[in-house]
Amino acid sequence: MKQPAIGDPAQPLSVDYYRDNYRFLLEWVYQHHRPLLDEDMRRDYHRFQALSRDSQCLLVRMLSRKPTLFRRPQLDYPEIDVNNAISELQQLGWLVSGDDFPYQQWLPLLLKSELFDVSHRYQLTTIKSTSKAQLISDLANHFDSLSVAPKSPVHWFALTIAGQFARFQLLFFGNAYQDLTEFTKTALGHVRYEQYTIRDDAVFPDRQALQQYADWQQLKQRWRQADADPQRQIALAQQLLLARPAIGDSLLVVSQSSRISNRIARHLERLQQLDSALQWYQLSQRHPARERQVRILAKQGQLQAAWRLYQKICEDPWNIEEVENLKSVAKQLAKALRQPWSPSRPIAVAEQQLNLPTNSDVEQAVLAHYQQQGWQGIHGENWLPLSLYGLACWDIIFSDQTQAFCHPFQRAPRDLLSQRFYHRRRQLFEQRWQQLQQQPSQVLANMLSHFNDKHGIANDFVVWPRLTATLISTWFNALTPTQWQYIWQYLAFDYRHHRSGFPDLWLLHPQHGIKLIEVKGPGDRLQSHQRRWLARLQAAQLTIQVCYVSWCD
């Protein structure tokens, strides 16, 4: 299914544009994810559709804001008949009001003057200079000691169905961080998105997967609310492990469960509960789960098991950090088990010391120095290789894949940062590398075509404001196809860890060819991700150099 057009930048937004956007979201979910909706969600969908315009507007306004409690003046909007909207939402049971909400909800929302009034009501000692944070802390401690729940000095309004409608939003976006502002940015023309294929099962393939996500969310909340006592934490972790939900193959459930499992496992590891930590890490499909398993197994004396897992990691790594972080442990394992071991040699990179006039931009100072010697170049750092990769592999990035695209506002596929990204598209990438070797001029032609036809469309890799057709052609031709393959393949395999660390300056000289320079100002040093890229670029037979700068004035 191709995505629909959202909004028209040529037309001004209507006063209730946010209502139109939310209705689109609900109707999209109802049309494309109806099998995932339970009876409550279907009922709420129809009830929303039956609401008056004013009630729909007020509900969406409240759903779009951060607080869970609202003062009455916060509900006033010029385009809404607020009194009628409040009445209708209250009759439906979707809006409640009062002063008896849990103090944990309303106490942080009070003004400082109101906090002083409440403190005086409960005869707590305060001084004028007491901070708001301290007032809240003192009142919270006092309220905990009361046998009767305190009442708020403010009459609050709150939605009772925010969680239910959050599930609609989750089904639309497939994540918890995007919201209705995506509609507005698109309608205003601030962001344009690619016309990729959207699959109805991209978020959750079935209701079972949706329930698994909800169950893992509940497990996460139980762990967050765990008692501070370590022994009770250990007992809870064991209870949660025995009652853990299934995981399945949903990208969202796998990501959610892996994050939670890593968090619990790491805490157990710090408490020296290695067996329990190992069990939790084994549930995770996210780094550093396997790395931590190797370390725990080695620590427990299970050397053969640790070595087997290390070999499995080397054969099919999730990312480069898995292998690099285990080098010292693997060396010890190899020695203990009398296994062959070939230590990797640190790269030997040419270094240069420059003493330059003080400049607030150290990279530009070095670039100017080289330009005086006949070099031409740019401060390309990460954006240049990433942009050229994004153009060269545009069709692969936005290709139709399982669980890749679920709504119209994506800059990249949902699995971009996971180990699944490259494996799912391996054949497409291999074909592109072959084309790069055999028909480099065609690859360049496609890149320029994407530059013209897709210009301005959101792509996580491409930095449009800095690109020109001349720059694309110049730098594509400056490197050999094999060198570009070394770079792009590294990016495709593990974008999460390889999207930064490129040398700062990309230089060209009529006689000396290309040189990539990592610039280090006073007190700066190479980071691990930079060393990885320097090693990769050196393997690609590129001339690289680290330039250490000091100021002469």
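Student: How many helices and strands does the chain have?

Tutor: Begin with the secondary structure. This is a predicted model, and its chain has 27 helices and 8 strands.

Student: Which domains does the assignment give?

Tutor: A domain may be made of more than one segment, as the assignment shows here: domain 1 covers 1-99 + 155-191. Domain 2 is 107-150, domain 3 is 207-337 and domain 4 is 350-551. Between the C-alpha centres of domain 2 and domain 4 there are 55 Å. For scale, the C-alpha atoms of the chain fill a box of roughly 80 × 65 × 60 Å along the principal axes.

Student: What share of the residues in the chain is buried?

Tutor: A residue counts as buried when its relative accessible area is under 20%. Of the 553 residues in the chain, 49% are buried. The chain exposes about 27000 Å², with carbon and sulfur atoms supplying 47% of that area.

Student: Which way do β6 and β7 run, parallel or antiparallel?

Tutor: Look at the bridges between strands. Strand β6, residues 505-509, runs antiparallel to β7, and 5 bridges join them. The two form a hairpin with 3 residues between them, and H509 stands opposite G513 in β7.

Student: And how many bridges join β7 to β8?

Tutor: There are 5 bridges, and β7 and β8 (residues 544-551) run parallel. K520 stands opposite Y548 in β8.

Technical notes:
Residues are numbered from 1 along each chain as its sequence is written. This is a predicted model: local features need pLDDT of at least 70, side-chain atom pairs count only at pLDDT 80 or more; totals for chains, interfaces and linings use all residues. Side-chain values use heavy atoms; hydrogens and water are left out. Helices (H or I, at least four residues) and strands (E, at least two) are DSSP runs, numbered from the N terminus. Buried means under 20% relative accessible area, exposed over 50%, partly exposed in between (1.4 Å probe, protein chains only). Accessible areas come from the Shrake-Rupley method with a 1.4 Å probe; for residues, only the protein chains shown count as cover. Domain bounds come from an automatic or database domain assignment. Two strands pair if DSSP finds at least two bridges between them.
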